[in-house]
Amino acid sequence: MKTLVVYSTATGNTRKVAEAIAAALPGAELHDVKTAPAPDAYDFVAMGFWVDKGGPNKEAADYMKTIRGKKVFTFFTLGANPDSMHARTCAEAAPKAYGEGTEQVAAFWCQGAIAPNLIEWMRKMPAGNPHAPTPEAEARWAEAAKHPDETDLQHAAQAAAEALAKAQA
Ligand SMILES: Cc1cc2nc3c(=O)[nH]c(=O)nc-3n(C[C@H](O)[C@H](O)[C@H](O)COP(=O)(O)O)c2cc1C
């Protein structure tokens with residue numbers, strides 16, 4: 001299987017996950033979406049994005065549309081709790097972002113540190129605003145700051161290797 005790993009990242013979290021995944025997939029080529037080749041010549045694509053306003057960030061979404069008729073593994077990082085409804089909604093949106101005939105074999109996601117300027121912006125939100133700095137939100141941001149960690153990277157690598165094996169079966 002000719003394998004391509006493509007990722008989009010603003011602050012580096014999704015790149016770390018992409019690097020762990022590429023290391024686990026024999027012969028995989030790793031590319032930032034900004035300079036990635038067209039997916040047509042590959043049999044299997046591992047596609048990574050960061051969550052922006054509840055879905056794949058635009059740069060990743062534009063590339064995902066160009067992946068047609070392939071087997072793919074999706075991975076993403078987000079600021080929210082990975083077990084939250086929000087994370088689940090993001091995971092459900094991912095397979096729909098691909099081009100025609102593409103089948104998502106499996107997906108992996110984990111939390112990723114939130115950019116400090118975004119946290120500063122949220123801390124200025126008035127009480128009642130969904131982004132306001134409640135104690136729960138502060139705890140979530142502090143937890144996000146620890147990710148992706150070694151365990152996340154191991155889980156990502158394992159999930160991607162299993163997805164490739166499934167795609168080859
Ligand atoms: C403009 C912006 C919008 C974001 N929107 C969301 C969001 O809707 N939901 C979420 O859980 N995280 C959101 N995040 C957090 C990022 O998805 C998270 O920090 C991610 O790990 C960033 O990945 P990167 O380092 O690869 O860019 C947002 C971050 C930014 C900067």
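Student: In which strand is the place of Phe108?
Tutor: This is a predicted model, in which local features need pLDDT of at least 70, side-chain atom pairs count only at pLDDT 80 or more, and totals for chains, interfaces and linings use all residues. Residues are numbered from 1 along each chain as its sequence is written, and side-chain values use heavy atoms, with hydrogens and water left out. Helices (H or I, at least four residues) and strands (E, at least two) are DSSP runs numbered from the N terminus. On that numbering, the place of Phe108 is in the strand covering residues 103-111, namely β6.

Student: Is Phe108 buried or exposed?
Tutor: The scale calls a residue buried under 20% relative accessible area, exposed over 50% and partly exposed in between, using a 1.4 Å probe and protein chains only. With contact meaning heavy atoms within 4.5 Å, and not counting residues up to four places away in sequence, Phe108 touches Val17, Phe73, Thr74, Phe75, Phe76, Asp152, His155, Ala156 and Ala159. Because its relative accessibility is 10%, Phe108 counts as buried.

Student: What distance separates the C-alpha atoms of Phe108 and Gln158?
Tutor: Phe108 and Gln158 are 50 residues apart along the chain. Their C-alpha atoms are separated by 9.8 Å.

Student: What is the volume of the largest pocket?
Tutor: On a 1 Å grid over the protein atoms alone, a pocket is an open set of points where a 1.4 Å probe fits, with protein on both sides within 12 Å along at least five of seven lines, and its lining residues have an atom within 4 Å of a point. Grid points are joined across faces, edges and corners, and the volume is the space filled by probe spheres set on the points. For the largest pocket, that volume is about 770 Å³.

Student: Which residues of its lining lie nearest the centre of the largest pocket?
Tutor: The lining draws at least three residues from each of domain 1 (3-112 + 148-168) and domain 2 (113-146), where the bounds come from an automatic or database domain assignment. Of the 29 lining residues, those nearest the centre are Val51, Lys53, Gly79, Ile114 and Leu118.

Student: How far apart do the C-alpha centres of domain 1 and domain 2 lie?
Tutor: The contact between the two domains takes nine residues from domain 1 and seven residues from domain 2. Their C-alpha centres lie apart by 25 Å.

Student: What is phi of Lys53 near?
Tutor: Lys53 is found in the loop between β3 and β4 (55-56), and it is exposed because its relative accessible area is 79%. Most residues other than glycine have a negative phi. For Lys53, however, phi is positive, near 50°.

Student: What is omega near for the peptide bond from His147 to Pro148?
Tutor: Pro148 lies in the loop between α5 and α6 (150-168). Most peptide bonds are trans. The bond from His147 to Pro148 is cis, with omega near -5°.

Student: Is Ala132 buried or exposed?
Tutor: Ala132 lies in the loop between α4 and α5. Leaving aside its neighbours within four places in sequence, Ala132 is in contact with Met122, Met125, Pro126, Ala127 and Ala137. Because its relative accessible area is 7%, Ala132 is buried.
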